[in-house]
Amino acid sequence: MSLPKSQTAVFVQEIGKPLVVGTRDVPTPKSHHILIRVQSTMLLPHDTYGRDKGLFFGDKLPYILGTNIAGTVVSVGSGVENFILGDEVFGLGSPISPAPDECGLQQYALLDADCSAKIPPGYDFDQMASIPVNATTSFVALFNEKGFGFPIPGSKKEAEWDPKSETILVIGGGSNVGKIALQFGKLIGLGKILTIASASNTSALKELGATHVIDRHQTSLEIQAQIKDIVGSEGLSKIYDCVSWEHDIALSLFSPDKPGILLGLHVVDEAKKTIAERKLNVKATMMLGISSFMQPHTKVFWDSLPSWVANGDLVIGKYKAIEGFNLSAIEEGLDLYRDGNPVTPVVVHPWGTA
């Protein structure tokens, strides 16, 4: 297959400025990487923060958004044994590489072969482009030592462990990443999976795995009282906050005696200051949906991810498609993440007609 030398892409040229369409070279796959013809890329909150604030790549402009990527393999680098030309794949891009070769808002992109998988039968590019970043982030939160460190599904340690004795709280269970956390909790059979979310989503969230849904529209005192009724006066020891920039509510819910773990998707520096001031026995860590954060579980995760989807353990969420590089529609999709309200993510088709 003859490949073009250049391609069309959407660039962040200046932080806080509108995106622009331009051209760049089609990258050549390096060792253990594959080149794909991008069919779908889903945009997420970190893409908005990248455009608006330069998150991850502010010193490497111009750069490209989109690290949820799916497409067809058109070239294979050395050392790749699990993919061949024509395979339909999905994978995790990288917003931290020196060049934006592993980003989705372009016609051709590289993927790390170790952070990619074949699309399972019955699923399409759009569906699987919705999975990598959020699944990576919540997998790390629940199963990596950087997070809660629960035994990995199917592992020997899981067979020797009683998940029913564990309780977690997911703040923002209605978010896309929060929903995956609920499903991972259900997959391993955690005893209590609490979530703070909109009460209007109670039925859907319980179907995904939540055992208790606390209405996020209540006051802080009401939320504290309801959670105390569920877990008792001991409080919580494991909280995964998928939405908050400030963590006052989370920190008010920890046990005064037992060690606690607070995981956030935004910077936790202020939370660490509060923890120190209050002399809480809580460790706060920011979770990242990037490949280096996944180690040493990359292989087991990517070997298992297609079957988790195919078996219904991870349910594909809603999304809407954008054909081609329609900048106004792409900008609108990114803007939706600014206000903290529920968002239907957009999937961009680079080869569509805008």
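Predicted model: local features only at pLDDT ≥ 70, side-chain atom pairs only at ≥ 80, totals over all residues.
T285 is buried, with a relative accessible area of 16%.

**T285 and its surroundings.** This threonine belongs to strand β13, which covers residues 282-286. Setting aside residues up to four places away in sequence, T285 touches K146, L262, L263, G264 and V268.

Strand β11 (residues 238-241) is where K238 is found. Is K238 buried or exposed? At 14% relative accessibility, K238 counts as buried, because that value is under 20%. Beyond its neighbours within four places in sequence, K238 is in contact with F148, F150, E166, T167, I168, L169, F254 and I261. One of these partners, E166, also meets K238 through a polar contact of 3.2 Å between the side chains. As for T137, K238 lies 101 residues from T137 in sequence, and their C-alpha atoms are 16 Å apart in space.

Here are the two residues in brief:

| Residue | Strand | Relative accessible area |
|---|---|---|
| T285 | β13 (residues 282-286) | 16% |
| K238 | β11 (residues 238-241) | 14% |

**The second largest pocket.** Let us turn to open space. The second largest pocket holds about 260 Å³. It is lined by 14 residues, and those closest to its centre are N82, A113, D114, K299 and D303. Two or more lining residues come from each of β7 (116-118) and α11 (298-310). What is the make-up of the lining of the second largest pocket? Its residues divide into 5 nonpolar, 4 polar and 5 charged.

Technical notes: Residues numbered from 1 in each chain as written. Heavy atoms only, no water. Helix = DSSP H or I, 4+ residues; strand = E, 2+ residues; numbered from the N terminus. Buried < 20%, exposed > 50% of the residue type's maximum accessible area, 1.4 Å probe, protein only. Contact = heavy atoms within 4.5 Å. Polar contact = N/O pair within 3.5 Å; in protein donor to acceptor, adjacent residues only side chain to side chain. 1 Å grid on protein atoms, 1.4 Å probe; cavity = no way out; pocket = protein on both sides within 12 Å on 5 of 7 lines; lining within 4 Å. Points joined across faces, edges and corners; volume = space filled by probe spheres on them. Nonpolar A, V, L, I, M, F, W, Y, C, P; charged D, E, K, R; others polar.
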